[in-house]
Amino acid sequence: VGSGCRGREPRCSGWALGPAEREAPGPGVMRRIGELPGAGNRTKATKRRVAPSKLAGEDLATAELEAIVFGKAPEGFEGAHQAVPGAAKKPRQASETPDASRSAPQAAWKDADDLGLEVDLTDRRKTLKLRKTPKETTVSGLEYEERLREQFVKLNGQARWAEETAKAPSTKALHSDEEESDQEVCTSANATIAQVGEGALPPTTIDIARRQELAMEASGEISTAVVEAVQFHPSSELILTAGLDRRLRLFAVDGEENPKMASHFFQDFPITGAAFSPSGDEIFMTGRNTLNMWALDVRTGVPTGMRPLASPAQSQRFFYSLAVGPQPSTDAGASLRSSSMFSVLGQGGAALVWDVASKHVVRTFRMAADGVAAVFHPEKDTLFTADRECNIYEWDLGTGKCLQRAKETWATGITRLALRRTSTYSPTPLLAVGTNMGNIDVFDISMPRAFKEPVKTVPNLVTSVDCLKFDYGGELLVGASRQKRDALKLIHVGTGTVFSNWPTDRTPLQKVSAVDLSRNAGYLAIGNEKGRVLIYQVNHYARGG
């Protein structure tokens, strides 16, 4: 029986992303399509040539969001043939003629003044890093653009997967998730990730730097609403934030300006959970004390209301603990059924598994007590759940059977689950269990009777573990508690030890309510109860190990 309700009238505003509904961009936000998202503000001397375009209003805002998420500028703009805004191109020589590269699209017009532009690299502190030598002061406009691109690639890597995906996509493929080729994305995305973090993460101290925090309010003021959800896009540096102020915000993280790309307001819907779909094409949201859920199309900004229509889902009072399946572009996830699913927990120990495409409930599991956490296995079609009586379950998503049920005898109460995928430096799948006493127990789920005894226990937190997240490579584990100020720990998984040099007494974490790590560039996002989202960068992953 279906549980989707795709035809509901949206009870929210801000979907069109048009001038009337959209928040004003924060300071330094880049509004031009195709402009380099990590390059900082261009100086007034640098001009942007934009060809005539039919995009306007909503179409322009939608195209801008696509340019960040999918690495493609809209048609009609200079640079639209480049799949990745940050990809470096060959510097143009003075003797090069327009016919030197016949395969490259020609500009709609040429401005002779551009050849005489000069940019002073010493005028702003952010441009000092673009100098090749300490004595260098000015460069030409074209050279300035090349160095901005080189700096972006240095920080974020070259996303070759986007170039392959953007090669002559059909109109049908752009509007149909079922028609997209996930296998092509899979091969090149893994190659991109392999370029970042070469070599194992050192276990002693962590090299981490603070970056520009997200501008939650357009006026530059700090929001006072609790940040309940923070998550990076599965294949780009786009990040979502959501909270009890009923707003969903999207930012493009570059470490310097982090421009806001969109903001959506949901009337009478305080957001308690939000997450990208496995493919990253949609965002799912749960609210406080309501059965209503929302799905937002990332490309178009169009919402879809969801509400269960049949028992036992209809008997629930509200949903919580939103979890999504593995990204279909990973090696294992490409053929997994769970890569098109997400789950929520309900009352009476119910765990409901939904289909991403149809927005219908496809499986309902029942635990012995109210559920507290759920997580999908990244390499198998199974779902792990935990209840208030410290029982841990593994469910088969194909047959609906419970594969195993074990008691976590080492805990008095379970609060969070996190599962590590296997990789070069993470050879075994691990399940991290956060407890109400602050301990983090780590189990090797590849072993028989895995829950008999944890392989590692991290006791450094003293209050309930409310946030638990592995990085994509599986070498780093982040645990945090919102019950105590500055209660966050970074854990080296291989040794089971906590990095002692960070955070420090001066790190402005406050009470941490949400955390996430990006796949590339080593970004760490930390949301707190003061309404702030801090951005840090693990330099080991930023510079490729």
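1. Which backbone oxygen does the side chain of Q537 reach? In this predicted model, the side chain of Q537 comes to 2.9 Å from the backbone oxygen of A521. Q537 belongs to strand β31, which covers residues 533-538. The relative accessible area of Q537 is 1%. Q537 therefore counts as buried, since the cut-off for that word is under 20%.

2. Strand β31 also holds Y536. The ring of Y536 pairs edge-to-face with that of W502, with 4.9 Å between the centres and 65 degrees between the planes. W502 lies in the loop between β28 (497-498) and β29 (512-517), so this pair ties together parts that are 34 residues apart in sequence. Both W502 and Y536 are buried.

3. The count of aromatic pairs comes to 10. One of them joins F266 and F269, whose rings are tilted at 45 degrees with their centres 5.9 Å apart. F266 and F269 are both buried. Elsewhere, ring pairs connect F284, F319, F342 and W354 into a cluster.

4. A charged side chain also meets a ring. R421 lies over the face of Y472, at 4.1 Å from the ring centre.

5. Next come the salt bridges. Side chains of opposite charge can pair when their charged atoms come close. Across the whole structure, 12 salt bridges are found. In one of them, R249 pairs with D245, and the closest N and O atoms are 3.1 Å apart. R249 and D245 are both buried.

6. K359 and E282 form another salt bridge, at 3.1 Å from N to O. This pair links distant parts of the chain, 77 residues apart: K359 is in the loop between β15 (350-355) and β16 (361-366), and E282 is in strand β10 (residues 282-287). K359 has a relative accessibility of 1% and so counts as buried. E282 is buried too, with a relative accessible area of 9%.

7. D516 and K469 make a further salt bridge, with 3.4 Å between the closest N and O atoms. D516 is in strand β29 and K469 in strand β25 (residues 467-470), so the pair links distant parts of the chain, 47 residues apart. Are these two partners buried or partly exposed? D516 counts as buried because its relative accessibility is 4%, whereas K469, at 29%, counts as partly exposed.

8. Some salt bridges share partners. Such bridges join E136, E143 and R147 into one network.

Methods. Residues numbered from 1 in each chain as written. Predicted model: local features only at pLDDT ≥ 70, side-chain atom pairs only at ≥ 80, totals over all residues. Heavy atoms only, no water. Helix = DSSP H or I, 4+ residues; strand = E, 2+ residues; numbered from the N terminus. Buried < 20%, exposed > 50% of the residue type's maximum accessible area, 1.4 Å probe, protein only. Polar contact = N/O pair within 3.5 Å; in protein donor to acceptor, adjacent residues only side chain to side chain. Phe/Tyr/Trp six-rings, centres within 6.5 Å; stacked < 30°, edge-to-face > 60°. Lys NZ or Arg CZ within 6 Å of the ring centre and 35° of its normal. Salt bridge = Lys/Arg side-chain N within 4 Å of Asp/Glu carboxyl O.
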